[in-house]
Amino acid sequence: MSLKRIDLLICCGSGCVSAGALKIKERFHEVLAEHNIANEVNIIETGCMGPCDYGPVMVIYPEGIFYKKVTVDDVAEIVAEHFVKGRPVSRLMLQDEEKTIAAKKDVPFYQKQVKVALENCGYINPESLDEYIATGGYEALGTVLTEMKPQDVINVIKDSGLRGRGGGGFPTHIKWQMVHDNKSDEKYIICNGDEGDPGAFMDRSLLEGDPHRVLEGMMIAAYAMGATNGFFYIRAEYPLAIKRIKMAIQQAKEVGLMGKDVFGSGFCFDAEVRTGAGAFVCGEEMALIHSIEGQRGNPTPKPPYPAVQGLWGKPTVVNNVETLGNISTIFRKGAQWFASMGTEKSKGTKVFALTGDIKNTGLVEVPMGITLRELIFDVGGGMIGDHKFKAVQLGGPSGGCLTVDHLDTGVDYESLKERGAMMGSGGVIVMNDDKCMVNVAKFFMDFCVEESCGKCSPCRIGLKQMLEILERITSGYGREGDIEELQRLGESISKLSLCGLGQTAPNPVLSTIRYFRDEYEAHIRDKSCSNKVCLDLMHFNIDKDRCIGCSLCARKCPVTCITGSREEKYTINQVDCVKCGNCFDVCPVKAIDKVPGIHPAVAANREALKKAAHNHED
Amino acid sequence: MYKEICAKYAPTKDNLIYILHEIQDTHPQHYISGEAVKDVSDYLKVPENHIYGVLTFYSMYSTKPRGKNIIRLCESPPCYIKGSDNILRKLKSILGVSVGETTKDGKFTLELCACLGVCGNAPVMMINEDVYGDLSEEKAEEIIDKIRGRN
Amino acid sequence: MKTLADLKKIREKAQEDMKLRGGNVRIKIVVGMGTSGIAMGAREVMKTFLEEIAARNLTDVMVTQTGEKGLSSMEPVVDLIEEGKPKVTYGNMNPDKVKKVVVEHIVNGRVVSDYVVATGN
Ligand SMILES: Cc1cc2nc3c(=O)[nH]c(=O)nc-3n(C[C@H](O)[C@H](O)[C@H](O)COP(=O)(O)O)c2cc1C
Ligand code: FES
């Protein structure tokens, strides 16, 4: 029997690890040993707890106290005060307006959340099969294998209304049914853990924080469709996720939860892990299949669908990590329970990754249909500082931007699509009023151009053209008609591309034109970026009245384009300025302003250069 | 040496990606040489141009020698929104290299990459297998100094 | 593992190990570990509870701690909290008294009234 009286759960998701969680864990071991109470405390490394912005975070049971932003230096105090004397350290707790929030369950971030897929993330030790079993793990698999026929399993999923969480929202039961109905000597199930959408990290957290749940979901799916082999395709950028899932497979095999004749039902199953090598398009299911086969990860036209001709030509289901993460709970709690959450067509919960200019960045799981306002302001805590909300990009690089006018939109597959955005994998990138939407659109386009596999020309050439136009606009060479040209290109690329990448890549541009057309127009007509983000469409100016002539700016200027004296004050030679921003940063009296628009001197210089080039050509 | 790595895997085409990963990871200069491609081609009985096709498709592979430590700064939108361009400027200036280049002492190669999935702590960079989040210019410099001192 | 019953066995044992995170707890023992409590020997009291519980293999009991309770003159102070019953507070505890409380109160369900300093909330 153990003498343990404290469970110390340290979040060791990638976010907290990048903020130093592992060093803190080591320090706890040292300090507990010094106090001679190492045998009274269980130190447990968990998966992501969600509020990454507060990292490193930890929860201490039995009280359930939540500490945030813990540093190595805080450890001695936590042990001496909390563990030895029973006085939790309030300075490390979350502060809300006036009161201090001690317990995890009272942290506002968690309050509107309903955890299904993330149920165990941040609560159990992901490397312990026993802890997963303690939370009811593998019970669903046991019941399914011993009491249900494959068709019954598919029917339960159908009743639950579960749709794919990997982006498309395709009803999960239909895919399973197709492969179930296909007669073949070999069938495959693949778990898609490629998670390439910038701003999405739920699949990583789930694989790292609760790998057995995904494995159990995969086995239930395999039984339903008659597959005996599974693959986890995980991007190489996620070494910890790869390690954890490999470990889970190993543990399951050791106790006979995987392998031959599981639960004495005759069901045999084996799974392997495959990794990518840095290519976004490999998240697309056909590309992924080619990548597992050892080829370039190019998408190929559908049909044939993977359900008919997938891996090595055999019927294959590709399911997203989060989709599989929901399966076991649906069986434990019932299809009705799952279907009671969400909206008419989008059932259950969805995990979102909140990022950008929002207070509580991190992972949240909420019922489908929650409004953007609740998601961003209640769960996400609103904007950082005094900034105003400007836009939110949903659905990754191929999603769309929504605005203040859409805050009361419910988040579900259909509502988002209607408004020009999409659910995608659940990335929610929040932007404040400092952002230039043209620049943001250019950034997303740049991502898609780089990740285009180049196989089909609308995507390869068309996206490039769109990017060139955006670059032209943001550098002050925009022309009348550019907006229409972007729309024309965008629409035809959407129609003609081979895979989802090209089909959706124009979305950010099209949606920003739809909702922020005036910004595009200002860039093109007035050659001005009102948010002073596009460097070619803004300039720095020293205010002579405020300048104290200290010369610091002139000394820091890398191109020595600032001249003046204590008496005359300083000025910027605009034509030579490279807009590095050093002067703006160093000025001790903040006498330097960012001004929208091209400086007249620079504009004149551009004209002169253009004329000279013209003459030269003649 | 490459032959030994190959021999750890079954000679089937689907192992190509893993063999290439291991060759690159174990090479002190983190790259895949022409000689390696030849050995892999012999072992798996696939033409060299197929292997080059795969090598150039995936961004993690390099056919050029690289530094001892590979810095991969995330350039995806959530990190950009939180100021990854400032970090890039800083890294370039303290290392004295542009993106894709290796420092003269061979210690660092600076690369950009797509989202590392740690966007909650943006901006983010990965050095070898370690992820560093919530970067500021000062923090980035400290991290580089520390690694420089270590090896 | 071949049957659901095997799985259940593992689950019960594993839940036991995770009970601090809020599982099947019949009695919660809360030791006052403020400065004065510790000065009066609360750590020894806590340790004795942990040892006695371990020795008797009591699986539905949880030991935890709290800060100063303002009963300085009666330190070390220990609360026993049982679902559906008024809280019992024992005062002036020491390792020998702890052993008695474990046997009488926790195992046999009889409150040791000699040591009680307060009951109810
Ligand atoms: C360019 C592109 C990238 C994709 N990336 C992913 C991804 O990273 N993860 C994922 O699960 N699905 C991704 N998908 C969707 C998959 O093709 C597929 O629809 C999904 O894995 C099916 O699983 P689900 O039905 O469980 O959602 C991507 C699709 C496209 C077109
Ligand atoms: S955007 Fe940089 S880690 Fe995701």
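Two strands count as paired when DSSP finds at least two bridges between them. Keep in mind that what you're looking at is a predicted model.

Now zoom out a bit. That pair belongs to an open sheet of 5 strands in chain A, and the order across it is S9-S10-S8-S7-S11, with mixed pairing. At the edges you'll find strand S9 (259-262) and strand S11 (316-320) of chain A, each of which pairs on one side only. Going from one strand to the next, the twist averages 25°.

What packs on this sheet? Helix H10(A) does, touching S7, S8, S11 and strand S10 (267-275) of chain A. The direction of H10(A) makes about 150° with that of S7(A).

The largest nonpolar core has 78 residues, and the members that touch the most others are A:Tyr138, A:Trp176, A:Phe232 and A:Phe331. Helix H10 (residues 211-225) of chain A shows up again here, giving this core its largest share, 10 residues. The core also draws at least three residues from each of domain 2 (129-339) and domain 3 (349-432) of chain A.

Setting aside neighbours within four places in sequence, its contacts include A:Val214, A:Leu215 and A:Met218, along with A:Cys191, A:Ile245 and A:Ile249. A:Ala271, A:Glu272, A:Val273 and A:Arg274 are also in contact with A:Phe232. There's a second, separate core too, with 70 residues, among them A:Ile289, A:Leu311, A:Ile483 and A:Ile493.

You'll find A:Gln113 in the loop between helix H4 (108-111) and helix H5 (129-134) of chain A. Is A:Gln113 buried or exposed? It counts as buried because its relative accessibility is 10%, and the cut-off for buried is under 20%. As for partners, the side chain of A:Gln113 makes a polar contact with the side chain of A:Lys115 (3.5 Å). A polar atom of the A:Gln113 side chain also lies 2.8 Å from the backbone nitrogen of A:Glu365. Leaving out neighbours within four places in sequence, A:Gln113 is in contact with A:Leu363, A:Val364, A:Glu365, A:Val366 and A:Val379.

Methods:
Residues numbered from 1 in each chain as written. Chains lettered and ligands numbered in written order. Predicted model: local features only at pLDDT ≥ 70, side-chain atom pairs only at ≥ 80, totals over all residues. Heavy atoms only, no water. Core = buried A, V, L, I, M, F, W, Y, C linked by side-chain atoms within 4.5 Å. Buried < 20%, exposed > 50% of the residue type's maximum accessible area, 1.4 Å probe, protein only. Helix = DSSP H or I, 4+ residues; strand = E, 2+ residues; numbered from the N terminus. Domains from an automatic or database assignment. Contact = heavy atoms within 4.5 Å. Axes fitted to C-alpha atoms, helices over the stretch in contact; angles between N-to-C directions. Polar contact = N/O pair within 3.5 Å; in protein donor to acceptor, adjacent residues only side chain to side chain.
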